[in-house]
Amino acid sequence: MSIEAILIVASALIGIGLYGALSQQSFVMLMMGLELMLNGVLLAAVGFWSLTAAGVPEGQLLAIVTMAVMAVEMSIGFALVVAVYRKRQADVTEGITTLKH
Amino acid sequence: MSGIDLAFYALSILAIARGWRVFATDSMVRASFLLLLSFIAVGLIMLLLAAPYLGVATVFMMAVEMMVMALFMVMFMMNPAGLNPMMMVHQHRFSLAAGAVAFVGLAAITLVTEFPVDPVAAGKPVIRDLGTELLGNSMLIFESAGVTLLATMVGSVILSSRSGRFGAADAGSKPPPLVPGGEPAGRVPEEGGGHHHHDHGHSQGDEHQHNPSHGHGQTHGNDGQRGGCHEH
């Protein structure tokens with residue numbers, strides 16, 4: 001288990017998440033892509049902390065901050081989805097065009 | 001190859017394969033559980049990486065988060081129960097290319113970089129270190145994260161509450177009485193603001209006109225209240 005292997009796994013998760021966030025039409029599926037990218041970021045942060053930084057406590061703090069970002073993204077994301085659905089009856093990205101041009 | 005390596009490769013394959021299946025399954029609820037599996041695999045890899053607190057916290061947090069996610073999936077589901085094939089994508093080729101470029105680029109950087117090798121010493125009290133750090137030198141960061149989460153809670157409630165800035169915040173709600181069985185305390189929001197009002201107001205959506213077929217004279221949604229369209 002080397003740092004390279006961990007970072008490659010993290011890159012794969014980030015790549016899949018980017019694909020999902022860019023390609024999905026449904027808002028909730030789009031958010032799953034963002035979550036998957038943050039999953040990869042979390043794994044990379046813990047990998048760096050564990051294998052290259054001799055376990056300095058600040059590395060774990062970075063992972064905790066990443067988790068807080070995840071929670072914020074979920075919460076505000078779902079609140080926005082609900083608000084948009086309530087105003088526009090839209091649950092896919094194509095349903096919102098007012099900011100397009 | 002040691003047992004830890006084997007476990008790492010197995011969990012990695014699990015994390016990536018389940019992560020991919022998230023966007024290839026027909027049911028959105030199943031997608032959220034597949035994402036949960038991916039997160040659990042990553043949490044277990046963290047355990048292998050000598051970060052027990054973070055690993056277990058990830059597993060717990062994601063178990064709860066994906067349950068909430070599944071609930072929202074049911075609310076916004078396109079394709080109940082995944083009975084029909086679902087492929088709801090746009091700019092598909094571009095997205096595939098972007099994902100592949102991100103993976104190949106990051107992996108290439110990983111492979112050409114010389115990383116220092118300085119693993120955690122066995123027996124290092126990492127959880128105690130984390131606790132001392134959180135409530136010691138990095139307390140400001142930790143507390144800022146807490147305040148950020150509080151702001152998130154306030155923001156979510158404001159964004160997702162029924163009225164918010166687009167009408168009276170207490171429209172359609174009745175404050176509880178001060179004595180059991182008494183009159184509602186404070187301002188009475190709307191005549192007949194019981195459950196009928198709630199249902200109709202919701203189903204009417206953006207209709208601005210009062211629908212005469214509801215003979216109660218109390219079918220105003222938020223729009224009706226705003227326009228002062230009262231009828232008794």
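Is B:Met87 buried or exposed? In this predicted model, B:Met87 is exposed, because 10 other C-beta atoms lie within 10 Å and a residue with 12 or fewer counts as exposed.

B:Met87 sits in the loop that joins helix 3 and helix 4 of chain B. From B:Met87 to B:Val157 the separation is 70 residues in sequence and 32 Å in space, taken between C-alpha atoms.

The loop between helix 3 and helix 4 of chain B also holds B:Gln91. B:Gln91 counts as exposed, because 12 C-beta neighbours fall inside 10 Å.

## Chain A

Chain A is built from 3 helices and has 0 strands. Its pattern along the sequence is α-α-α. The radius of gyration of chain A is 17 Å, well over the 13 Å that the globule rule gives for 101 residues, so chain A is more spread out than a compact globule.

Along the principal axes, the C-alpha atoms of chain A fill a box of roughly 50 × 25 × 20 Å. Buried residues make up 52% of the 101 residues of chain A. Among contacts in chain A with a separation of 6 or more, 49% join residues 24 or more positions apart.

## Chain B

Chain B has 8 helices and 0 strands, and from the N terminus its elements run α-α-α-α-α-α-α-α. Of its 232 residues, 23% count as buried. Residues 24 or more positions apart provide 44% of the contacts in chain B with a separation of 6 or more.

## The contact between the chains

Chain A gives 58 residues to the contact and chain B gives 72 residues. On the side of chain A that touches chain B, helix 1, helix 2 and helix 3 of chain A each supply at least two residues. Helix 3 of chain A supplies the largest share of that side, 19 residues. By class, the side of chain A that touches chain B has 39 nonpolar, 15 polar and 4 charged residues.

## Helix 3 of chain A against helix 6 of chain B

Two packed helices are described by the angle between their axes and the distance between the axes. For helix 3 of chain A and helix 6 (residues 139-160) of chain B, the axes come within 8 Å and cross at roughly 10 degrees. These two helices, helix 3 of chain A and helix 6 of chain B, are therefore roughly parallel to each other, since angles under 35 degrees count as roughly parallel.

On the chain A side, the residues of helix 3 that meet helix 6 of chain B include A:Leu61, A:Val65, A:Ala68, A:Val72, A:Ile76 and A:Leu80. Among their counterparts in helix 6 of chain B are B:Ile141, B:Ala145, B:Leu149, B:Thr152, B:Gly155 and B:Leu159. By class, this contact of helix 3 of chain A with helix 6 of chain B has 14 nonpolar, 6 polar and no charged residues.

## The largest nonpolar core

The largest nonpolar core has 67 residues, and those touching the most other members are A:Leu13, A:Val28, A:Leu43, A:Val46, B:Leu35 and B:Ile45. Two or more residues each come from helix 1 (3-23), helix 2 (27-51) and helix 3 (57-88) of chain A, and from helix 1 (3-21), helix 2 (28-48), helix 3 (52-75), helix 4 (92-112) and helix 5 (126-134) of chain B. Helix 2 of chain A gives the largest share of this core, 16 residues.

What does B:Ile45 touch, not counting residues up to four places away in sequence? On that basis, B:Ile45 touches A:Leu43, B:Phe8, B:Leu11 and B:Ser12.

## A:Ser11

A:Ser11 lies in helix 1 of chain A. A:Ser11 is buried, because 22 other C-beta atoms lie within 10 Å. Leaving out residues up to four places away in sequence, A:Ser11 touches A:Gly40, B:Phe103, B:Leu106, B:Ala107 and B:Thr110. A:Ser11 and A:Leu34 are 23 residues apart in sequence, and their C-alpha atoms are 14 Å apart in space.

## Positive phi angles

Most residues other than glycine have a negative phi. B:Ala50, which is not a glycine, has a positive phi near 65 degrees. B:Ala50 is located in the loop between helix 2 and helix 3 of chain B, and B:Ala50 counts as buried because 20 C-beta neighbours lie inside 10 Å.

B:Gln91 is not a glycine either, and its phi is positive at about 40 degrees.

Terms used:
Residues are numbered from 1 along each chain as its sequence is written. Chains are lettered from A and ligands numbered from 1 in the order in which they are written. This is a predicted model: local features need pLDDT of at least 70, side-chain atom pairs count only at pLDDT 80 or more; totals for chains, interfaces and linings use all residues. A nonpolar core is a set of buried Ala, Val, Leu, Ile, Met, Phe, Trp, Tyr and Cys residues joined through C-beta atoms within 7 Å. Helices (H or I, at least four residues) and strands (E, at least two) are DSSP runs, numbered from the N terminus. Two residues are in contact if their C-beta atoms, placed from the backbone, lie within 7 Å. Axes are lines fitted to C-alpha atoms, for helices over the stretch in contact, and angles run from 0 to 180 degrees between N-to-C directions. Angles under 35 degrees count as roughly parallel, over 145 as roughly antiparallel, 65 to 115 as roughly perpendicular and the rest as oblique. Ala, Val, Leu, Ile, Met, Phe, Trp, Tyr, Cys and Pro count as nonpolar, Asp, Glu, Lys and Arg as charged, and the others, Gly among them, as polar. The radius of gyration is taken over C-alpha atoms; the globule rule is 2.2 Å times the number of residues to the power 0.38.
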